[in-house]
Amino acid sequence: LVFALRTWLRTKSLGKANAGGGWNRFGSLMLIIAAVDCVVAVVNTKGIVPGTFRIARLCRPLVFLAFFKHLRRTAGRVVQSTKDVLNILASLGICLLIFVWIGVVLFAKTEGQQLVNHFESWGGAFKSLWILYTTSNNPDIWIDSYNISRWSFVYFFVYLVITLYLLNNVLLAAVYDAYKEQLRGSLHSFYENRERAIENAFDLLKTEDEVIPRLQWGMFWICRCNPSMGGVSHPWFQDQSDKIFEILDSDNNGSIDKDEFRLIIAVLINSEEYVPKTPGPLRHLLFPPFEIFRRAILQGVNICGRKIQWETCIDFVIFIDVVTLFVQTIIFMDPSTFGGAFSYQIWTRGTQWFWVTFAFSSFYFLETSLKILVLGFERFWHRRPFQNRFDFINVYTLFALEVAFTVWTPPDIWIRFSVIQHILRVVRLLWHVKPLHRLGVIMRRLAPTCWRLSLLLVIVFYIYATVGEQVFGGLIRKHSAALKDSDFANSNYWALNFNDFISGMVTLFVLMVVNNWMVIAEAFVLVTGTAWSWAFFVSFFIVVNLVVLNILMALILECYATLLQEELQDELQQEEEEAEETSATSHDRPVRTSVSRRLDREALLCKVIQEEALTTPNSPTRRERLGSAPAQPASISLVQDAPGVNPRRSRRLTTAP
């Protein structure tokens with residue numbers, strides 16, 4: 001119903017434009033088939049296909065693929081990538097066949113010899129060596145033959161080296177190289193389309209002189225930042241537009257050319273830069289203490305003649321809180337403290353420890369609330385997305401719980417939850433640990449790709465869970481005679497089944513982890529009575545573990561290598577900047593290249609857009625502040641004085657392909 005409503009709304013809004021395209025027609029067809037199956041199921045409870053099989057359940061992932069473009073493109077790239085690695089998979093299959101053949105010859109029972117159970121038949125040998133490739137039955141498969149002859153280890157050693165450590169890694173490289181080639185083509189098309197869009201936008205705004213005048217620029221800026229304004233010239237937007245126009249107009253000719261227009265677009269399309277949609281709060285003008293707090297947030301605080309960032313001060317308070325909480329946990333974990341049993345009395349009201357933790361919670365609540373009042377909720381939510389949103393949820397949840405504890409004696413579980421909220425404050429401190437900071441940067445950069453691959457993984461899980469529920473549903477029961485005395489029954493794996501959709505998803509996750517997957521697969525082979533059930537589990541392993549997860553692993557390696565390279569470039573650029581500063585002290589004017597001036601202007605644009613410059617509506621204009629200093633770009637001093645700016649990050653954004 002949701003997708004049907006979506007299709008109807010898009011058809012009403014886009015008209016014939018939505019009707020075109022094979023994927024839209026395919027998605028509509030899948031919706032119709034699913035709807036017919038649901039209607040029929042109301043009558044006969046079995047659906048279109050006889051038995052318990054339901055077509056509507058299989059149509060849902062296809063509908064997702066049809067209507068979600070990014071997911072469809074990711075799936076398409078993965079499918080295209082698999083075409084280039086079929087030769088590696090074929091090599092793996094041939095290698096497996098050869099070793100099965102050799103294994104049957106070496107270890108099958110002959111007259112007068114002991115039986116090695118894993119090679120009594122072709123099917124048993126295939127199954128054993130494939131499971132050994134996944135390392136799930138190592139060393140069970142070869143320990144019997146090894147007990148008979150130590151030389152048998154050579155066979156299994158060569159097999160594992162070739163398949164697991166050679167072909168598996170070659171497969172990883174081939175899968176990622178093919179996926180990266182597909183991704184490179186998509187990125188090339190993306191940048192071409194973006195450049196074409198920028199040129200079209202400039203053509204719409206320019207005059208006959210091939211420049212954008214101030215009036216046209218102001219209208220563009222208002223509509224770009226807040227389309228709901230409808231072109232209305234709000235004073236705040238106009239002031240911001242004028243500031244940016246003065247920065248872009250480096251030659252002071254009262255207009256913006258195409259290169260200057262590209263510069264502001266490079267800032268606007270940067271996902272790390274947020275463009276405010278509404279004017280900021282003016283409470284700091286009405287109440288002077290707010291202005292002090294605002295300056296502390298943006299500029300830092302002076303302690304013993306040294307400027308320290310505000311967030312660093314908050315992290316120091318969090319460190320004291322974490323140390324205090326750790327001492328409380330030690331007391332809680334010491335049974336001798338409360339007569340031989342654990343007790344959470346140290347966190348209940350009326351104790352000194354409770355009021356200590358409540359004081360920290362109150363400080364967090366006050367600091368977060370003042371930050372929201374001074375910056376405004378919109379800027380607070382988007383200025384540092386992960387940190388501020390985490391603080392908002394964590395701090396307000398923690399403060400609400402502990403305020404409730406002052407008038408209410410909570411159950412044990414609520415007190416433990418409150419303590420965990422305090423422990424989670426340590427997440428902010430982990431950012432100061434360089435390896436963890438690097439890991440966080442990697443995860444942030446991989447987030448879009450990981451999200452799309454995760455959605456694709458969910459689709460794969462959904463398809464296999466749905467098929468598994470239709471094929472294997474209801475077969476795993478505790479009183480099943482086929483599973484009596486099996487490894488599945490002895491391991492108490494009864495909850496790992498496909499009797500319902502949720503159980504199927506959990507079972508697939510266990511299969512993805514690989515450990516003991518053959519025990520689960522063997523159970524379904526026993527209850528179905530056919531060896532073809534192995535095809536379901538082997539195909540799942542190939543699709544998920546050998547393709548999708550290999551791509552994800554390779555992306556992480558690539559991102560980590562890129563991050564190290566950027567850190568090296570940052571160090572080199574920092575040395576260049578220090579050399580320029582040294583040159584400035586020994587000469588009247590430092591030598592600045594056009595690239596350096598462009599980077600300084602881009603960094604200043606980021607600061608103006610984010611409104612981190614400590615200016616008010618009554619402050620002097622940029623030209624009045626700068627006076628007459630044509631020798632050096634005026635943006636340089638502002639960039640150096642602006643808090644938190646990182647020109648080197650802007651440099652990477654500017655020079656990126």
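Which residue does Asp315 form a salt bridge with, and how far apart are the closest N and O atoms?

## The Asp315 pair

The partner is Arg428, and the closest N and O atoms of this salt bridge with Asp315 are 2.9 Å apart. The pair ties together distant parts of the chain: Asp315 sits in helix H15 (residues 310-333) and Arg428 in helix H20 (residues 426-430), 113 residues apart. Keep in mind that this is a predicted model.

How about exposure? Asp315 has a relative accessibility of 9%, so it counts as buried, the cut-off being under 20%. Arg428 is buried too, with a relative accessible area of 7%.

Asp391 and Arg428 are both buried.

Through salt bridges that share partners, Glu311, Asp315, Glu367, Lys371, Asp391, Arg425 and Arg428 are joined into one network. For the whole structure, the search turns up 13 salt bridges.

Now for a local case: Asp259 forms a salt bridge with Arg262, and their closest N and O atoms are 3.5 Å apart. Both residues belong to helix H12 (residues 258-268), where they lie three residues apart, or about one turn of the helix.

Is Asp259 buried or exposed? Its relative accessible area is 51%, and since exposed means over 50%, Asp259 counts as exposed. Arg262 has a relative accessible area of 23%, so it falls in the partly exposed class.

## H4 against H21

Moving on to helix packing, the axes of helix H4 (residues 55-67) and helix H21 (residues 434-472) come within 9 Å and cross at roughly 170 degrees. Because angles over 145 degrees count as roughly antiparallel, that is how H4 runs relative to H21.

Which residues make the contact? On the H4 side they are Arg57, Leu58, Arg60, Pro61 and Phe64, and these meet Ile459, Tyr462, Ile463, Thr466, Val467, Glu469 and Gln470 in H21. Sorted by class, the contact of H4 with H21 has seven nonpolar, two polar and three charged residues.

Key
Residues numbered from 1 in each chain as written. Predicted model: local features only at pLDDT ≥ 70, side-chain atom pairs only at ≥ 80, totals over all residues. Heavy atoms only, no water. Salt bridge = Lys/Arg side-chain N within 4 Å of Asp/Glu carboxyl O. Helix = DSSP H or I, 4+ residues; strand = E, 2+ residues; numbered from the N terminus. Buried < 20%, exposed > 50% of the residue type's maximum accessible area, 1.4 Å probe, protein only. Axes fitted to C-alpha atoms, helices over the stretch in contact; angles between N-to-C directions. Parallel < 35°, antiparallel > 145°, perpendicular 65-115°, else oblique. Contact = heavy atoms within 4.5 Å. Nonpolar A, V, L, I, M, F, W, Y, C, P; charged D, E, K, R; others polar.
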